[in-house]
Amino acid sequence: MISEYQQRLREQFLSVPVVAPPAPWHPVFNRRIPIGGLLGVGFAPAPDDGRDLLMVVSLDGHGLFDTVTGEKIARNRDPDPDDSTPDAQPDLSCSGLGSLSATRVRIAGLFGGGLHTTTHDGWTLEVVSPEWPHDRVLLSADGGMPHNGPHGQDWWHIFDSNYSELRAAGFSPSGRTLAIATSSDLTLWARPDSVTSVKLQ
């Protein structure tokens, strides 16, 4: 049995459609990027200018994306077997590649771990499962649940993983990038460096 409050939340989350995150967030890719056998993702700053880079670990190897341009800037189809998946390390990390070759990157996904669920300036990300085992991702500017304000103004249902298993969802440490990874694809949103607080009309 679930409580009346839980039932109201469930009905609320089931009643709203998927919508795009509000400005200043914008999609990095024009569609979801298919990545078969995706196991997890992790953020790290670029050594030269600190922009967000995202490392993707899959059954087909490792990849590195520039979250500003969306470009895949490095690829390793045959990583060292002892370091190919994050479960081999206590901190769930893998060796970086490309410009991150001297860095270990913590990976959130199938084996555990997690990305940031809040930003310094008030954005919050939550994963809810009103139709378990399918997960929905909520972005909010109202401090998180309970969401008393209107959908599309204070909070947004931005992703429904009803087609694939959710691996990870969260922000980069800088708060400039939002990533959602499933077992089959990757979706990214970004916002300008100059944004310092949540400003909604």
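An open sheet of 5 strands runs in the order β6-β5-β4-β3-β9, with antiparallel pairing; strands here are DSSP runs of E at least two residues long, helices are runs of H or I with at least four, and both are numbered from the N terminus. Two strands count as paired if DSSP finds at least two bridges between them. At the edges sit β6 (72-76) and β9 (108-109), each of which pairs on one side only. The β3 to β9 pairing is antiparallel and consists of 2 bridges, and here V41 stands opposite A108 in β9. This is a predicted model, in which local features need pLDDT of at least 70 and side-chain atom pairs count only at pLDDT 80 or more, while totals for chains, interfaces and linings use all residues. Residues are numbered from 1 along each chain as its sequence is written, and side-chain values use heavy atoms, with hydrogens and water left out.

Another open sheet is made of 3 strands, in the order β10-β11-β12, again with antiparallel pairing. Its edge strands are β10 and β12, each pairing on one side only. On average, neighbouring strands of this sheet are turned by 30° against each other, direction ignored. Helix α1 (residues 4-15) packs on the sheet and touches β10, β11 and β12, with its direction at about 100° to that of β10. For such angles, axes are lines fitted to C-alpha atoms, for helices over the stretch in contact, and the angle between N-to-C directions runs from 0 to 180 degrees; a contact means heavy atoms within 4.5 Å.

With strand β10 (residues 124-131), β11 pairs in the antiparallel sense over 6 bridges, and the two form a hairpin with 2 residues between them. One of the bridges links L125 to L139 in β11. On the β12 side (residues 155-160), the pairing with β11 is antiparallel too, over 5 bridges. There, W155 in β12 is the bridge partner of S140, and L139 stands opposite W156. As for cover, 6 of the 7 residues of β11 are buried, buried being under 20% relative accessible area, exposed over 50% and partly exposed in between (1.4 Å probe, protein chains only).

Now for the charged pairs. Side chains of opposite charge can pair when their charged atoms come close. Taking a salt bridge as a side-chain nitrogen of Lys or Arg within 4 Å of a carboxyl oxygen of Asp or Glu, the count comes to 10. In one of them, R51 meets D66, with the closest N and O atoms 2.8 Å apart. R51 lies in the loop between β3 (38-45) and β4 (52-58), whereas D66 belongs to strand β5 (residues 61-66), so this pair ties together parts that are 15 residues apart in sequence. D66 is buried, at a relative accessible area of 6%. A salt bridge also joins the side chains of E131 and R136 (3.3 Å, N to O). Here E131 is partly exposed at 38% relative accessibility, but R136 is buried at 8%. E165 and R167 form a further salt bridge, their closest N and O atoms being 3.0 Å apart. E165 is partly exposed at 47%, while R167 counts as buried at 15%. Through shared partners, salt bridges also join D48, D49, R51 and D66 into one network.

What about the nonpolar side? In soluble globular proteins, nonpolar side chains tend to be buried together. A nonpolar core is a set of buried Ala, Val, Leu, Ile, Met, Phe, Trp, Tyr and Cys residues joined through side-chain atoms within 4.5 Å. The largest one has 18 residues, of which V41, V56 and L186 touch the most other members. The elements giving two or more residues to this core are β3, β4, β14 (177-182) and β15 (185-190). Leaving out residues up to four places away in sequence, V56 touches a list of residues that includes I35, L38, V41, F65 and L186. A second, separate core of 14 residues includes V137, L139, L166 and I180.

Finally, the chain as a whole. It has 1 helix and 15 strands, and 48% of its 201 residues count as buried. The C-alpha atoms fill a box of roughly 50 × 40 × 30 Å along the principal axes. Among contacts with a separation of 6 or more, 51% come from residues 24 or more positions apart.
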